[in-house]
Amino acid sequence: MAELTQLIDSEVFLAYATYTTIVLLKMMLMSIITAFFRMTRKAFSNPEDTATFGKGENAKKFLRSDPEVERVRRGHLNDLENIVPFIGIGLLYALSGPALSTALLHFRIFVGARIFHTIAYLTPLPQPSRGLAWLAGYAVTISMAYRLLTTGLYL
């Protein structure tokens with residue numbers, strides 16, 4: 001058990017925990033932004049959500065799709081598709097004993113790429129800005145996975 005305690009107390013693991021917390025909070029913020037856009041655009045997907053704005057036939061007009069709400073939702077979905085693999089692979093990577101400087105480079109690029117991706121998605125910035133941000137974050141996760149497969153795991 002002492003070895004596990006030492007791993008968790010390592011600077012690399014603390015860096016992982018810090019940057020994972022940042023991207024998870026950013027992903028949680030996307031839920032709040034989605035709710036904000038739904039309320040300000042009065043565009044809901046569930047009938048019970050329209051009760052504040054009317055009843056019966058009057059409420060049905062709020063059961064609709066809105067391009068801005070859908071843009072935020074797609075950004076949030078993209079976070080789920082990219083942050084969840086980062087969390088799993090990043091944890092294994094952090095516990096595999098990489099150099100702190102290399103680990104920090106991986107974690108910082110990923111977090112910066114995800115934040116920039118969100119800005120590019122919500123603004124919206126012209127392509128290829130969003131695509132390059134996605135690619136940078138994805139490449140970081142692949143890089144960590146490659147290191148794990150080539151140095152730490154038994155195949």
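**Salt bridges**

I began with the salt bridges in this predicted model, and I found four of them, taking a salt bridge as a side-chain nitrogen of Lys or Arg within 4 Å of a carboxyl oxygen of Asp or Glu. I number residues from 1 along each chain as its sequence is written, and side-chain values use heavy atoms, with hydrogens and water left out. The model being predicted, local features need pLDDT of at least 70 and side-chain atom pairs count only at pLDDT 80 or more, while totals for chains, interfaces and linings use all residues.

I looked up lysine 26 next. Its partner is aspartate 79, with the closest N and O atoms 2.4 Å apart. Lysine 26 sits in helix 2 (residues 11-41) and aspartate 79 in helix 4, 53 residues apart, so I noted a link between distant parts of the chain.

I then followed aspartate 79 to arginine 114, where a salt bridge has its closest N and O atoms 2.7 Å apart. Aspartate 79 belongs to helix 4 and arginine 114 to helix 5, so this pair ties together parts 35 residues apart in sequence. Arginine 114 is buried at 1% relative accessibility. My summary for this spot is that Lys26, Asp79 and Arg114 are linked in a network of salt bridges.

I also checked threonine 118, which is in helix 5. Leaving out residues up to four places away in sequence, threonine 118 touches Lys26, Met30 and Asp79, where contact means heavy atoms within 4.5 Å. Threonine 118 is buried, with a relative accessible area of 11%.

One more salt bridge for the page: arginine 64 pairs with aspartate 66, the closest N and O atoms being 3.7 Å apart. Arginine 64 is partly exposed at 35% relative accessibility, whereas aspartate 66 is buried at 10%.

**Helix packing**

Two packed helices are described by the angle between their axes and the distance between the axes. I read the axes as lines fitted to C-alpha atoms, for helices over the stretch in contact, with angles from 0 to 180 degrees between N-to-C directions.

Which way do helix 4 and helix 5 run, parallel or antiparallel? Helix 4 (residues 67-95) packs on helix 5 at about 175°, with the axes 10 Å apart. The two are therefore roughly antiparallel; angles under 35 degrees count as roughly parallel, over 145 as roughly antiparallel, 65 to 115 as roughly perpendicular and the rest as oblique. On the helix 4 side I listed contact residues including Asn78, Asp79, Asn82 and Phe86, and on the helix 5 side residues including Phe107, Phe110, Arg114 and Thr118. By class, this contact has 10 nonpolar, seven polar and four charged residues. For the classes, Ala, Val, Leu, Ile, Met, Phe, Trp, Tyr, Cys and Pro count as nonpolar, Asp, Glu, Lys and Arg as charged, and the others, Gly among them, as polar.

I turned to helix 2 against helix 5, and the angle is about 10° with the axes 9 Å apart. Helix 2 and helix 5 are therefore roughly parallel. Among the contact residues are Tyr19, Val23, Lys26 and Met30 of helix 2, and Phe107, Val111, Arg114 and Thr118 of helix 5. The class count for this contact is 16 nonpolar, one polar and four charged residues.

Where did I find cis peptide bonds? One runs from threonine 123 to proline 124, with omega near -25°, and another from glutamine 127 to proline 128, with omega near 15°. Proline 124 lies in the loop between helix 5 and helix 6, and proline 128 is placed in the loop between helix 5 and helix 6 as well.

I noted lysine 42 for its phi near 50°, a positive value in a residue other than glycine. Lysine 42 is in the loop between helix 2 and helix 3 (56-60), and it is partly exposed at 33% relative accessible area.

Helix 6 (residues 129-152) holds threonine 151, which is exposed at 54%. From threonine 151 to alanine 136 I noted 15 residues in sequence and 22 Å in space, C-alpha to C-alpha.

**Confidence**

The chain has a mean of 91, and 92% of its residues reach 70 or more. Confidence is lowest in helix 1 (residues 2-8), at a mean of 63, and highest in helix 5 (residues 100-122), at 97.

Methods:
pLDDT = per-residue confidence, 0-100. Helix = DSSP H or I, 4+ residues; strand = E, 2+ residues; numbered from the N terminus. Buried < 20%, exposed > 50% of the residue type's maximum accessible area, 1.4 Å probe, protein only.
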